[in-house]
Every structure is written in structure tokens, then in C-alpha cells.
Amino acid sequence: MLNKKLFWALLALAITFVSFTICHMYGPFMGKVVDAETGEPIKGAVVLIAFYTKAYTVGGWSGSFADTAETLTDSNGEFRLPTKFVFSFRSLAVWDKKSRISIFKPGYGAYPLHPKTFRVPNLPNSLIIPENNHITFYLPKLLTLDERKENLSCIRMPVGATDDKMMKLLEMENEEYKYLYGP
């Protein structure tokens, strides 16, 4: 008798888990990060891509953070994030297929919020990075301490992300704070 109750309870739990779990495959993402003035590659810039779900509410569509992927640019300024399988335990939600990007390197304007950053090809929404499409991102070199201090407000952290989901970005941001304000 107890085994039957346990079996049915576990089966109900498994069905609930499966019915509220959604999955999506993103990527790959690739591109290059260069100095906006010289066109020289920027080595060691952190590239963070955030993934979201969305659900329809009384007020319209509402997004929720799901996961991130991050990497650093190589000596040629190139980055590549392979296809990423993301799953989430959400009821009545669908995947937002538009992945959001943030790029930061101390001493350079933070993409996409610094006003002098841009990308080629220039697409309608600067926050979104299309899959399987090589894009070049141009970051301006910041020449003064005041420019660098103002740029700190341009670093775009994914809303709802925990620190463990953006470790490289936080490490770079902390490096910049130490440079500007000391230990």
C-alpha cells in the first residue's frame, strides 16, 4: 500500500516537473571587439550574453532572467560562444529568443550603453545579438579618469542574474573600481 502511494506521488511530482520545465538551444554567437578609433583588436574584453523567458501577464509580456554565457576575447579581439542548451523551471512561460549582450574592458566604453559604442552590421536593437552571425563591436578608448568613472554606469548587468552567472564581468568591473578608487 505504501509503495503504491509513494509511486503515485513520485509520478505526480515527475509529471509536474516535466510540464513546467522549458528548454531552448541558443547560439552559436561570434564576433570581434575592436578599438573604435584605430580598429585594433581588444584582447581580454568580457562578452556576456543573457537569456530570458517571458510570460504573458495582465500588464502584457514580462521577462525573467534564465541564464548567461560569458567569455573573453582572444588576442585577435575575437570571441565565440558555442551553442548553449538552457532549461528553466517555469510555468506558463516561453523562451525569449532575443539574447542580450554586454561587453566590457576596463579603459573602454561599455557596450551597449556607452553612447560612443556601435556595431557592424548595425541592427535595430543594440542590446540583441543574433545567433550564428559575425558582428564587430567598436568600443571607444576612454582617455580621462572622469570618462572611466562615468562609464561604470554603462556596464550592463543582466537583471535577475546572480553573481555566479557573470563572474568575469564582475571581476572586470571590480578591477576598474580598484583602478579608479583604490583598494
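First, the ground rules. The model is predicted, so local features need pLDDT of at least 70 and side-chain atom pairs count only at pLDDT 80 or more, while totals for chains, interfaces and linings use all residues. Residues are numbered from 1 along each chain as its sequence is written, and side-chain values use heavy atoms, with hydrogens and water left out.

Now the layout. The protein has three helices and 10 strands. Helices here are DSSP runs of H or I with at least four residues, strands are runs of E with at least two, and numbering starts at the N terminus. The order is α-β-β-β-β-β-β-β-β-β-β-α-α.

Next, burial. Of the 183 residues, 43% are buried. Buried means under 20% relative accessible area, exposed means over 50%, and partly exposed is in between, with a 1.4 Å probe and protein chains only. The protein exposes about 10700 Å², and carbon and sulfur atoms supply 59% of that. Those areas come from the Shrake-Rupley method with a 1.4 Å probe; for residues, only the protein chains shown count as cover.

Contacts, meaning heavy atoms within 4.5 Å, tell us about range. Take those between residues at least 6 apart in sequence: 72% join residues at least 24 apart.

Let's go to strand β2, residues 29-35. Six of its seven residues are buried, so β2 is largely enclosed by the rest of the structure. Which strands does β2 pair with? Strands pair if DSSP finds at least two bridges between them. Strand β5, residues 78-81, runs antiparallel to β2, with four bridges. There, Met30 has Arg80 as its bridge partner. Strand β10 runs parallel to β2, with six bridges. Val34 stands opposite Tyr138 in β10.

Tyr138 brings us to the rings. Rings of Phe, Tyr and Trp (its six-membered ring) pair if their centres lie within 6.5 Å; planes under 30 degrees apart are stacked, over 60 edge-to-face, the rest tilted. That rule gives five aromatic pairs. One of them is Phe118 with Tyr138, stacked at 4.5 Å centre to centre, with 5 degrees between the planes. Phe118 lies in strand β8 (residues 118-120) and Tyr138 in β10 (residues 134-139), so the pair ties together parts 20 residues apart in sequence. Buried or partly exposed? Phe118 is partly exposed, at 38% relative accessible area. Tyr138 is partly exposed too, at 21%.

One last item. Phe79, Tyr111 and Phe137 form a cluster linked by ring pairs.
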